[in-house]
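Morning, everyone. Please have the sequence and the model open while I talk.

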Amino acid sequence: MELHILEHSLKVASIAKEGIQICTHGLIKLAFLPSKTREGAFSAIKQAKPAIKELDKHFKILEYQSTSSLYSAHDHCDQSLWKQSLFGLLFESGFVHLCKFFSLTETPEDYTIIVDEDGFKELPESEFLSVADATWLALNVVSGGGNATSSQPIGVTKIAKSVIAPLADHNISVFMLSTYQTDFILVRERDLPMVMHTLSSEFTLLRVVNGETVAANMPRPIIHPLSSPSNMFCVTSLDPDTLPSVATLLMDVMFYSGGAKDSTALSEDSGHIRFFSFSLIEGYISLVMDEQTTRRFPNNVLFTSASGELWKMVRIGGQPLGFDECGIVAQISEPLATADIPAYYISTFKFDHALVPEENIQSVIGALRTNECTGQ
């Protein structure tokens, strides 16, 4: 089976029942006017300007009567005559729009609009218009080749196990639109790389580009730069009962490590970085600190392994990573798992940090560099 990724960038919006008249002008254009390609649209729009002015006159009358019946703007304006003249102006003018994807659904609560970005421009800003903050892409599962609407539709129940469930397992939200011709699966644009990765083993992935269906290339993952500071680190703990005895020292390390009191700290210019992690979760304490900082604690306070194992850090990211990108942890954890190298991993607000055994650091860097070069 084929999974077609359509070229429409879509907006999903809600129009309140009491605000529908404000949007009627644009909705009529989207529903009843012919759409053309961008190349042919501009000359047609230029020719349609006189008719558009006439349309504006009609819609000003309509908007003026926001609390009245839809076509009772003036006593002398008969409903059938108004509609006839309106649609005559629309079609005879040759007025066009660029919208290629438009859906309107009325429910007891509101009107739901799914429209591409060109069509969305036809809708006015209004307090009655609520727009989902994501851009959506339409997917279509077909069999037998051809394009999305001419191929044999699969049906939503038949793709429940092959598409809907796998995406749900990966926490990918979908928005469904079933039509007479086929079923459209809407996914957030930012989720597309994960969608393709999830479904690539089950489907032939195709993408519609300028009306042509071509093979969809799997997105190349973003490879973040890596660095390894010269510090060596300890991953340790302490008995919660001893916490009061070292509270002053811990406060000094946690909150004053950048000050003059931290006489053992080395300059970051020498390859050291300042890194300290304290976690207290359900009564259990975890500490990550560099070797120099551990020397400030009294003997036998910190838990250590019998081997006194030290860890080296791999720091991920040249710029703050943010929270939307998928695959950052996988960039590090998968090569380490393949090489059977244990690691601790600490994500922070701006960067990520992996701790690996000191003796493995060179093989880790080599494995990660190889992974970086191959883009896997």
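Start with a term: a residue is buried under 20% relative accessible area, exposed over 50%, and partly exposed in between, using a 1.4 Å probe and protein chains only. V187 counts as buried, because its relative accessibility is 0%.

Now the ground rules. This is a predicted model, in which local features need pLDDT of at least 70, side-chain atom pairs count only at pLDDT 80 or more, and totals for chains, interfaces and linings use all residues. Residues are numbered from 1 along each chain as its sequence is written, and side-chain values use heavy atoms, with hydrogens and water left out.

The overall picture next. The chain has ten helices and 18 strands. Helices (H or I, at least four residues) and strands (E, at least two) are DSSP runs, numbered from the N terminus. There are 376 residues, and 41% of them are buried. The chain exposes about 21500 Å², with 52% supplied by carbon and sulfur atoms. Those areas are Shrake-Rupley values with a 1.4 Å probe; for residues, only the protein chains shown count as cover.

Contact means heavy atoms within 4.5 Å. Take contacts between residues at least 6 apart in sequence: 73% of them join residues at least 24 apart.

Back to V187. It lies in strand 8, residues 183-188. V187 and L137 are 50 residues apart in sequence, yet their C-alpha atoms are 5.4 Å apart. Which residues does V187 contact, leaving aside neighbours within four places in sequence? They are T135, W136, L137, L139, L167, S173, V174 and V195.

Two of those names come back in a helix pair. L167 in helix 5 and V195 in helix 6 both belong to that contact. The helix 5 side is S162, V163, P166 and L167; the helix 6 side is V195, T198 and L199. By class, that contact has five nonpolar, two polar and no charged residues. Nonpolar here covers Ala, Val, Leu, Ile, Met, Phe, Trp, Tyr, Cys and Pro; charged covers Asp, Glu, Lys and Arg; the others, Gly among them, are polar.

Now the geometry. Helix 5 spans 160-169 and helix 6 spans 192-199; they pack at about 125 degrees, with axes 10 Å apart. Axes are lines fitted to C-alpha atoms, for helices over the stretch in contact, and angles run from 0 to 180 degrees between N-to-C directions. The two helices are therefore oblique to each other. For the cut-offs, under 35 degrees is roughly parallel, over 145 roughly antiparallel, 65 to 115 roughly perpendicular, and the rest oblique.

Another buried residue: L123, at 8% relative accessibility. L123 sits in the loop between helix 4 (117-120) and strand 4 (129-131). L123 and C23 are 100 residues apart in sequence, and 6.0 Å apart C-alpha to C-alpha. Beyond neighbours within four places, L123 contacts L27, I113 and L129.

Then S286, in strand 14. S286 is partly exposed, at 30% relative accessible area. Its C-alpha is 7.5 Å from that of V235, 51 residues away in sequence.

Last, backbone angles to check. E282 is not a glycine, but has a positive phi of about 50 degrees. E282 is in the loop between strand 13 (276-281) and strand 14 (284-290), and is exposed at 76%. D340, also not a glycine, has a positive phi near 60 degrees. D340 lies in the loop between helix 9 (328-338) and strand 17 (344-347). D340 is exposed, with a relative accessible area of 69%.
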